[in-house]
Amino acid sequence: MVVNFKQIATDFHTDPKSDVNLVEWISSISASLQPMLKNAGIQFKLELPPYALIVNTYPSRLAQVVTNLVSNAIKHAFPKMHSQAEKVITIRLSGDATNYALEIADNGIGMDEDTKAHILDPFFTTDRKSGGMGLGMSIVHNLVTGSLNGRLVINSEQNKGTKVSVYFAGK
């Protein structure tokens with residue numbers, strides 16, 4: 001855990017803000033996530049605009065947000081004891097350079113009310129037995145609302161899946 005915190009702190013200070021074409025960037029990030037999804041038997045869908053969406057952001061921090069959200073969906077949305085014919089995680093990007101949204105949605109088991117109420121609390125986990133530390137969503141929240149200057153909205157319904165939306169308003 002200490003190593004993870006040190007890496008996050010290092011990335012935070014060495015991640016320069018830069019112009020990023022989010023359409024190309026998300027395609028690249030999704031390619032790196034494909035092996036995890038394939039091993040879990042999950043389909044990955046990208047819904048990206050047909051135009052370049054260039055924003056000024058911190059790419060490593062945003063990559064950590066996307067990776068944590070997809071990893072959480074893989075780990076929690078489709079537990080082994082729950083059989084589901086089609087497992088899907090979708091990344092959607094919409095908007096323009098001044099107002100854009102990034103959504104990561106799954107069609108998994110969703111969250112109960114207690115989980116939704118505590119999902120952003122540091123060290124809250126539903127998977128302590130398997131080594132879950134409960135930091136993924138807390139880190140996502142801190143990155144989104146801190147240095148990325150965004151807003152996080154989580155919608156989830158049991159047996160219908162979860163959608164995490166990240167909204168950004170540029171200057």
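Start with the open sheet of 5 strands, ordered E2-E4-E5-E7-E6 with mixed pairing; strands are DSSP runs of E with at least two residues, helices runs of H or I with at least four, both numbered from the N terminus, and two strands pair if DSSP finds at least two bridges between them. The model is predicted: local features need pLDDT of at least 70 and side-chain atom pairs pLDDT 80 or more, while totals for chains, interfaces and linings use all residues. Residues are numbered from 1 along each chain as its sequence is written, and side-chain values use heavy atoms, without hydrogens and water.

Select 43–47 and 150–157 next: these are the edge strands E2 and E6, each pairing on one side only.

Then show E5 (99–106) with E7 (161–169), which pair in the antiparallel sense over 8 bridges. Asp106 in E5 stands opposite Thr162 in E7.

Helix H5 (136–145) lies across E6 and E7, at about 145 degrees to E6.

Finish by zooming in on Asp106. Its contacts, leaving out residues up to four places away in sequence, include Ala73, Ala77, Phe78 and Lys160. A polar atom of the Asp106 side chain lies 2.8 Å from the backbone nitrogen of Gly108.

How values were computed
Contact = heavy atoms within 4.5 Å. Axes fitted to C-alpha atoms, helices over the stretch in contact; angles between N-to-C directions. Polar contact = N/O pair within 3.5 Å; in protein donor to acceptor, adjacent residues only side chain to side chain.
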